[in-house]
Amino acid sequence: MNSKLATLGRMVFWCMLALTTRAVLADVASASKEHEVLVLDEAAQLLRMHPDRLTALAAAEQVPARNVDGEWRFSRAALLEWLKGDRHAATTSPQFSAAGGVDPAAALPQVELRAVTGAGARAGEPPERIAQTATPPAAQVGEKPTAKTAEEIALRDQGTLLKKGATTLELGLAYARSERQNFPALRTEETAVGSSFTARRGISDDLQVTARLPGVYRRSSIQVATGTSTVQEDKTSDQYVGDLSASLLGVGMQERAGRPTVVWSLDSVLPTGPGDKGLGAGVTLAKSYDPLVLFAGLSYMHGYAIEPSDTRRQLASQNWRLTLGYTYALNDTIALNSLLAASYRSDVTPSAGALRPARERYLLQLGMTWMLGRGLFVEPAVAIGVGGAAPDVIFSLNFPYTF
C-alpha cells in the first residue's frame, strides 16, 4: 500500500510539473506580444525617457502608477491616455490591484470625478457639498495596497517581509514516505507524519522575526535477509516535538531596475526537543519579471552538541543549504511555485552499529498558493527526493493567515 502511495505521489508530481511548465510557457508567449501592465524599464521605454526621471514623476504622482512593495507598475493604456494631455487621465485610468493587475471596476465615471474634485460645480454651491453626496474616489495614484496577494505570501521570507505590526500565523501538515536499499540484504522503509506551527511578526518595516516549532510522528521498518527465503523485520515508531527555529530577517536592498531584492537572515536552533543547537546566517536574492519572480538563497549554520546516532537530530557541525526557485502569479489569488533545495552536512562519525548519515540531500518541490479569503491562504505541495537520502515523496499542506 505504501509503495503504491509513493508511486502515486511521483505521478502527481510529474503531472504538476507538466501543467506548471505549460502554463508558464503559454503565458510568457502571450505576454511577449504586448504587456498590459508594465514595469519601470518597459514604461520608460514606451515614454522614451530615462527610468530615473519616470521614477521621480511617479513618486510625485504626475503620471498614473502604482507602488507595489517598493516597485512601480504602470498601465500601458493609462500612460497613453496621459500622453494625450487629459488632466483627469491619471485618475480616470484603470487602477491597479495589489499584484499589479488592472482593476477596471476601480475607475470612476467622469461625472463622479467632477463632483469629487469640485470641477463643474453648480453656481453658488460649494464643491464640498457635492463631494459629500458623490461616490468616494478610488485609491490615489501611488498609494500602496494593504491586502496581501498570493504572490507575496508565496515569497514570504524570500522576497517579501511583513510590515511593522503585521502578523502571520501558519499551520503546516506533511506526510513523507521513503524507501532505501542500503545493502543487498538490508532494506529500510520510513513513514513520517509531521505538523508545524510558525509565527511571523513585523517589528518594523522590512524587519521581521520568525519562529517555528515542528512535531513529528515516525514509523520505521528495517528488513534484513538472513537466507534465501528468510527475512527478519524490525519495526519501531516514535513521536516527539522538534527543536525550535528562530530567525531575524531584514531587507538589505530593495529591488530596482537592474538589481534584485536582498533579504538577509540571522538564524538559530534552540534545543526544545531532541537537543539540536545551532547558529547561522543566510542571504536571499529575488528578482521580478512580471508575472514571474526568480529567487535564490544560500544559508549556513554551525551545529553544537552533535549526536549522529540519534536519527531525530538534524544538524551536523557544518550545515549548508542552497535554494533555487520561482513564483509565477496567475492572478492576485493564485500563484504557482517551484523550489529546488540542496543541502550539505559535514561528515560525521556515527556510534557503533549505526549507519553513517547522508551528507548531501536534494529535493524538488512543486506547489501553489491559493487565497481562500482575505488574509487566509492554503498551500498544497508535492516534492520528490532527487538522489541522496531525501525522502522519496512528501505531501504538504500549509495554512498561513496574515492580519
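Buried here means under 20% relative accessible area, exposed means over 50%, and partly exposed lies in between (1.4 Å probe, protein chains only).

**Figure 1. Overview of the predicted chain.** By this criterion, buried residues make up 40% of the 403 residues in the chain. The model is predicted, with local features requiring pLDDT of at least 70 and side-chain atom pairs counted only at pLDDT 80 or more, whereas totals for chains, interfaces and linings use all residues. Residues are numbered from 1 along each chain as its sequence is written, and side-chain values use heavy atoms, with hydrogens and water left out. The secondary structure comprises eight helices and 18 strands, taken as DSSP runs (helices H or I, at least four residues; strands E, at least two) numbered from the N terminus. The accessible surface, from the Shrake-Rupley method with a 1.4 Å probe and, for residues, only the protein chains shown as cover, comes to about 21300 Å², of which 59% belongs to carbon and sulfur atoms. Among contacts (heavy atoms within 4.5 Å) with a separation of 6 or more, 56% are between residues 24 or more positions apart.

Figure 2. A cavity is a set of points, on a 1 Å grid over the protein atoms alone, where a 1.4 Å probe fits but cannot get out; lining residues have an atom within 4 Å of a point. Grid points are joined across faces, edges and corners, and a volume is the space filled by probe spheres set on the points. Of its 28 lining residues, Val-68, Asp-69, Glu-71, Gly-159 and Thr-160 are the closest to the centre. Strand E3 (71-75), helix H8 (150-154) and strand E12 (277-289) each give two or more residues to this lining, and E12 gives the most, with three. The lining has nine nonpolar, seven polar and 12 charged residues, where Ala, Val, Leu, Ile, Met, Phe, Trp, Tyr, Cys and Pro count as nonpolar, Asp, Glu, Lys and Arg as charged, and the others, Gly among them, as polar.

**Figure 3. The second largest cavity.** This cavity contains about 80 Å³ of space. Its lining includes Lys-148, Glu-152, Arg-156, Thr-160, Arg-200 and Thr-402. By class, the lining divides into three nonpolar, four polar and four charged residues.

**Figure 4. The largest nonpolar core.** A nonpolar core is a set of buried Ala, Val, Leu, Ile, Met, Phe, Trp, Tyr and Cys residues joined through side-chain atoms within 4.5 Å. The largest has 13 residues, and those with the most contacts inside it are Ala-43, Leu-54, Ala-58, Val-63, Phe-74 and Leu-79. Helix H2 (40-47), helix H3 (51-59) and E3 each supply two or more residues, with the largest share, four residues, coming from H2. Not counting residues up to four places away in sequence, Leu-79 touches Leu-38, Ala-43, Leu-46, Leu-47, Pro-64 and Phe-74. Another core, of five residues, lies apart from it and includes Ala-286, Val-293, Phe-295 and Leu-339.

Figure 5. Arg-73 is found in strand E3 and is buried, with a relative accessible area of 7%. Its C-alpha atom is separated by 9.6 Å from that of Asp-290, 217 residues away along the chain. Ala-166, in the loop between H8 and strand E6 (167-183), is buried, with a relative accessible area of 16%. Ala-166 and Phe-403 are 237 residues apart in sequence and 5.9 Å apart in space, C-alpha to C-alpha. Beyond residues up to four places away in sequence, Ala-166 touches Arg-200, Arg-201, Gly-202 and Phe-403.

Methods:
On a 1 Å grid over the protein atoms alone, a cavity is a set of points where a 1.4 Å probe fits but cannot get out, and a pocket is an open set with protein on both sides within 12 Å along at least five of seven lines; lining residues have an atom within 4 Å of a point.
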